[in-house]
Amino acid sequence: MNYSFADRSLNVPSSGIGMMMRYAASYSDVLSLGQGTPLFPTPQYIYDYVSEQARKDPAVGQYSTANLENQLLELIAKDFEEIYGFKPQLSELALSVGGVGGLMATFLALLNPGDEIIYFDPSYPIHLSQLEIAQAKVVFVSLKEDEGWKLDFELLEKSIAPKTKAILLTNPNNPTGTVLSKQEVERLADIVLKNDLYLILDEAYQFLSYEEFYSPLMIEDLRKNTICIKSFSKEFAMTGWRIGYVYAPSEVLTKIAFSINTYLCISPATIAIHGAIAALSDPRGKEAMNGFYNEFLKSREVICNRMDKLNKLFSYSKPQGAYYLFPKIKGFEDLGAIDFCKKLVDEAKVITIPGDSSGPAGKRHIRMSFAAKSDLIEKAFDRIDEFASKYDLL
Ligand SMILES: Cc1ncc(COP(=O)(O)O)c(C=O)c1O
């Protein structure tokens, strides 16, 4: 058989995470700052609720019903009201298989092959893979590294062309940890509205802003242009449940949900919908989320204290949100990010993720996750210190 494949599958970039995990698999005692999985298990009460439902209701093992989905969408709408100050109609919300499922459905519903989409560089690598599958043309707009990875509005305006259909914003950003200020959000809103574009907003880390958080969704006029993708993965430590959701104006949502998402997955797993209902309907969900926030706040201090002492090896900006650091490698000029990460595994036994998968601006950067226990961070940095001192960079 001569295998041949669709063009859309030929050049899908990989995020680098799997590659580093495979690379490190041959070592027994590596410490990982690689993964973006929260260090906490899903709150126990959510498991208990789901087990109880499964015991008493055989429908838990069947396709979800509109009733069950609406129960969850109603809770999501209430959550929006608390966070963003408005309550969406149920026709403006749809469930998805993780945030990633919602993003893919959105890209497929809105972008024709060749349509341009602005991507703030660096951002979340999975977006780049999905946009390749959607055959959209990614226009990279570099963030300003020396200003803490802020948006470059002049460059953004220059990059908008007749084929531009959407701006994609991850806020807080993975991997830079940038959080937009109210003024920046307002300036971005003006640009979106002036050019009549879609704003596709990935707010997977909305709960994890260490600064005051202002979402584009708080600007009423902008909502007709905005599609917002969110997830239970990080907020409730539910990465494995694969459940997220999309907000969009009804007309747009209908396309995303009923012309695309239904045919990608029918719906998220019924059991995951029950889990998400437990997460949002019981005060213990928000308590757990606040607990995670406080732990991440502490881990951020721990990792930044250690990074501050490594200024011959790395330069970095303190993240304002999410749980990643995105330092630039100093020295080792002959090494790209991938080779540097491999060297760090070989010599320091610490896993980090090469930054170039986040976009061209991530060249010579690495991503470190601080979604890890403080003592693991301290231990990993003891090893990195030793590595730096071997090269006279401590
Ligand atoms: C910015 C961003 N968006 C979306 C996701 C995907 O989340 P989910 O598990 O909901 O698919 C992640 C996961 O790391 C992320 O970092």
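Lysine 349 is partly exposed, with a relative accessible area of 22%; the label covers anything between buried (under 20%) and exposed (over 50%), judged with a 1.4 Å probe and the protein chains only. You'll find lysine 349 in the loop between α11 (337–348) and β12 (350–351). Its phi is positive, about 60 degrees, although lysine 349 is not a glycine. Helices here are DSSP runs of H or I with at least four residues, strands are runs of E with at least two, and both are numbered from the N terminus.

A quick word on what you're looking at: this is a predicted model, in which local features need pLDDT of at least 70 and side-chain atom pairs count only at pLDDT 80 or more, while totals for chains, interfaces and linings use all residues. Residues are numbered from 1 along each chain as its sequence is written, and side-chain values use heavy atoms, with hydrogens and water left out.

Alanine 237 also has a positive phi without being a glycine, near 55 degrees. It sits in the loop between β7 and β8, and alanine 237 is buried, at a relative accessible area of 7%.

Now for the ligand. It is surrounded by 13 residues, and the closest are Gly99, Asp202, Ser231, Ser233 and Lys234; a residue counts as near if one of its heavy atoms lies within 4 Å. Glycine 99 has a backbone N or O atom 2.6 Å from a ligand oxygen. Serine 231 places a polar side-chain atom 2.5 Å from an oxygen of the ligand. On aspartate 202, an N or O atom of the side chain is 2.6 Å from a ligand nitrogen. The protein covers 93% of the 400 Å² of accessible area that the ligand has on its own, with areas taken from the Shrake-Rupley method and a 1.4 Å probe.

Aspartate 202 turns up again around asparagine 171, whose contacts beyond four places in sequence are Thr178, Val179, Leu180, Asp202, Glu203, Phe213 and Tyr214; contact means heavy atoms within 4.5 Å. Asparagine 171 lies in the loop between β5 (164–170) and α7 (182–195) and is buried, with a relative accessible area of 0%. A polar atom of its side chain is 3.0 Å from the backbone nitrogen of leucine 180. Next comes a cis peptide bond, from asparagine 171 to proline 172, with omega near -10 degrees. The bond from aspartate 121 to proline 122 is cis as well, with omega near 5 degrees, and proline 122 is in the loop between β3 (116–121) and α5 (125–133).

Helix α3 (residues 66–84) has 19 residues and reaches 25 Å from first to last C-alpha, close to the expected 27 Å, which is 1.5 Å times one less than the number of residues. Its buried residues include Leu68, Leu72, Ile76 and Phe80, and their cover includes β2 (93–96), β7 (226–231) and α10 (283–308). Glycine 85 follows α3, with a positive phi near 80 degrees.

Finally, there's an open antiparallel sheet of three strands, in the order β10-β14-β13. β10 (324–325) and β13 (353–354) are at the edges with a single partner strand each, so one side of each has no neighbour in the sheet. Strands count as paired if DSSP finds at least two bridges between them, and β10 and β14 (residues 366–369) have two. There, tyrosine 324 stands opposite serine 369.

Terms used: A polar contact is a pair of N or O atoms within 3.5 Å; within protein, one must be able to donate a hydrogen and the other to accept it, and residues adjacent in sequence count only if both atoms are side-chain atoms.
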